Amino acid sequence: MKAIRRFTVRPVLPEPLRPLSDLARNLRWSWHAETRDLFQSVDPEAWAAVGGDPVRILGRVRSGRLAELAGDRRFLRRLGAVADDLDDYLTGDRWYQTQADGLPAAVAYFSPEFGITAALPQYSGGLGILAGDHLKAASDLGVPLIGVGLLYRHGYFRQSLSRDGWQQEHYPVLDPNELPLTQPKEADGTPAQVSLALPGGKALHARIWLAQVGRVPLLLLDSDVEENDLGERGVTDRLYGGGSEHRLLQEMLLGIGGVRAVRTYCRLTGHPEPEVFHTNEGHAGFLGLERIAELCAGGMDFDSSLEAVRGGTVFTTHTPVPAGIDRFDRELVARHFGPDAELPGIEVDRVLRLGMETYPGGEPNLFNMAVMGLRLAQRANGVSLLHGQVSREMFAGLWPGFDAEEVPITSVTNGVHAPTWVAPEVLRLGARQVGSERAEDALTVGGSERWDSVADIADQEIWELRRTLREQLVLEVRERLRVSWRQRGAANAELGWIEGVLDPDVLTIGFARRVPSYKRLTLMLRDRDRLMELLLHPERPIQIVVAGKAHPADDSGKRLVQELVRFADDPRVRHRVVFLPDYGMAMAQKLYPGCDVWLNNPLRPLEACGTSGMKAALNGCLNLSVLDGWWDEWFQPDFGWSIPTADGAGTDPDHRDDIEAAALYDLLEQRVTPRFYERGRAGLPDRWIQMVRQTLALLGPKVLAGRMVREYVDRLYVPAAQAHRALTPDTASGLAEWKTRVRAAWPGVSVDHVETTATTATAELGTTVGLRVRVGLGELTPDDVEVQVVSGRVDAEDRITDATVVPLKPTGTPDLEGRLLYEGPLALDRTGPYGYTVRILPAHRLLASAAELGLLAVPSEEVVEGSGVLLR
């Protein structure tokens, strides 16, 4: 019979075991091996049954076993040591506490998803895993971060396969009381909540849940509360589910409700208020509007509030294509803001203008969340060097007249949280080599360019470790494959062949990720006969483990999964290639260490970063990848292979896939497999082991989330905190008024005349040429602008490349027509075709970039014709 109501009954722990509850509720256990080992020893069978979840094991363990452990002095000593270690971790000084003054008192980090652990399934893919790793690394470094997200009652879907290989989605209901969460309470004991106003006098209420991620609190908002109507209860039902209005409500709750949750948490706990707000992708962009509304309620006007909010906001974009950005109909957005809904103190037109695509090629009736994110943040970044370049080109319309390289979007290349993703066996080997404390420091704080101690590990040790990890993966794959086939309707009697699936001595290739078309799950199937030859080679075979989920609404992605599954079902190759359904963190933690080669073949340049290869590299797995994302930045032949691409604009997509698949097969056949199977004098693959060593020594320190978070602190959080402090109500008001004045006066700004002392079209290297520029500033003063000469090599179309920018200085007083003379030197420091131009930009000490206003003045055609010669 079915229960009509469900309770979560928690055990009453004996007094000596009370620290177990604190350990279970702090998610540091998800990356701290000693804590996990302690919980496993409570009941090894139950530990396996609950998937390594401390909260659930405490709910299952027998009271007799608890009584037994309460009297076990050896267990209590271990418990005391682990509890003391957590206390030291939470209270002791870490990297952040040893830095110079001026750091932000706190940073609020907003993301639509967080991948912390499989026990808290609130993630769908790379964005969530990256956000989880960001929180963990911030905790390890002592950065006072507050994470903010939504609590999805169904999380992301669970995936299984039908008999014919079609993806099936399942949405298990999550009970927050069975998750590693607690509820912040108001003084009267009621659960802390936030509310949003909806059109028609309705409201959206959400409860605040707290997940403690080491030192970092993660606040998750849950709309499934009794105060809401049925529709509002479902706002946080599924990650990336529902229609346009459903998504808009999710993003309003995340951004606006998230700021209110942060304020509530700080009020209840005394946590310092954030000086910096970090928007991880556009989904949380409405947080800036809520902060503007807070300042307006305190008496500031909209424009001044906008400047104050922008100063303390960082925006990170993760998408390399416009189609990946959330965009809403402007009428839908308008209905949810204004006098009858949220933020009644802000005019609807001001809200809409922040997100409208008012640039060439934009859709003026659509509200773009990334555009709003960029307009509400003074600092923005992409997530790899190449993605930063792609982002500058993609959003260049917001800064008209500027070359893409000057668009104010920088890049911080993603990293991964090593303690989460490095196999315990690899950690133990590192600890044996340099000591456990130094090994932990190297993996969390980072800072070293090389891990030279890897050179001292014997070849035999490295090779034995790699085989052990491969063997563990083989056993894991067989178990998961058996479960999958049972779900597909197979009887046990049909599954004897699974015992022969994969071989722990065969070169193992991994490919696991979400399945949008640009990631090209089935590129490996382009020439099936050739792939079969590689899989079944009598002397140098390969085996491939594939996993991935297609979005529930993406039938083309599901067809790719089915195509791969059907190939893997072929009795001729099913012992050499497998597809594992329900890819998630638990599977990934086995998959990365067990593979010898990590394959990544997206359409370049559509992979913003692609961190799965980083996790593989930290375990000594070699990368075989298209030069995209992070691999484009750090690839060296010493530790991997690059797949040649055919990404010219004129290449037919089918032909491109043929070319790149052929290049992949060639690499596997001619370079990868020979190196793996060739043996040196000691019977070991010496050259392969050397590549593993180079991967660990050279890539290891680069791919750390600790390195990434330190970059965010130094390059983005600290400048944002300084801007936040500088933009007091008075200075923010002054900046807003200055911007209004400059924008109004800009049509009167001009470059009227340019002349140079150069008399010929050639000059010698090292020559300095004098420049005289006459400009009109209209109603502006020299203090409002900077006049610059931009020079460098020029291409065949006279475009300046690798530009050098030098400011010119005003001389004398305005002439009778009010024009000013600027002068300065132009040093000819490069040979070959060389050119220059002159421009005028707004200048103010509180601007983060000269391009911030998107305004510049350059010489007219008439002025260009009389400005001298192109130097060659």
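This is a predicted model: local features need pLDDT of at least 70, side-chain atom pairs count only at pLDDT 80 or more; totals for chains, interfaces and linings use all residues.
Residues are numbered from 1 along each chain as its sequence is written. Local features need pLDDT of at least 70, side-chain atom pairs count only at pLDDT 80 or more, totals for chains, interfaces and linings use all residues, and side-chain values use heavy atoms, with hydrogens and water left out.

Biologist: How are helix 17 and helix 19 oriented to each other?

Modeller: Helices are DSSP runs (H or I, at least four residues), numbered from the N terminus. The axes of helix 17 (residues 424-434) and helix 19 (residues 459-487) come within 10 Å and cross at roughly 160°; axes are lines fitted to C-alpha atoms over the stretch in contact, with angles from 0 to 180 degrees between N-to-C directions. Angles over 145 degrees count as roughly antiparallel. Helix 17 and helix 19 are therefore roughly antiparallel.

Biologist: Which residues in helix 25 meet helix 26?

Modeller: The axes of helix 25 (residues 653-677) and helix 26 (residues 686-699) come within 6 Å and cross at roughly 105°. That makes the two helices roughly perpendicular (65 to 115 degrees). Contact means heavy atoms within 4.5 Å. On the helix 26 side are Arg687, Trp688 and Met691, and they are met from helix 25 by Val672, Arg675 and Phe676.

Notes. Angles under 35 degrees count as roughly parallel, over 145 as roughly antiparallel, 65 to 115 as roughly perpendicular and the rest as oblique.
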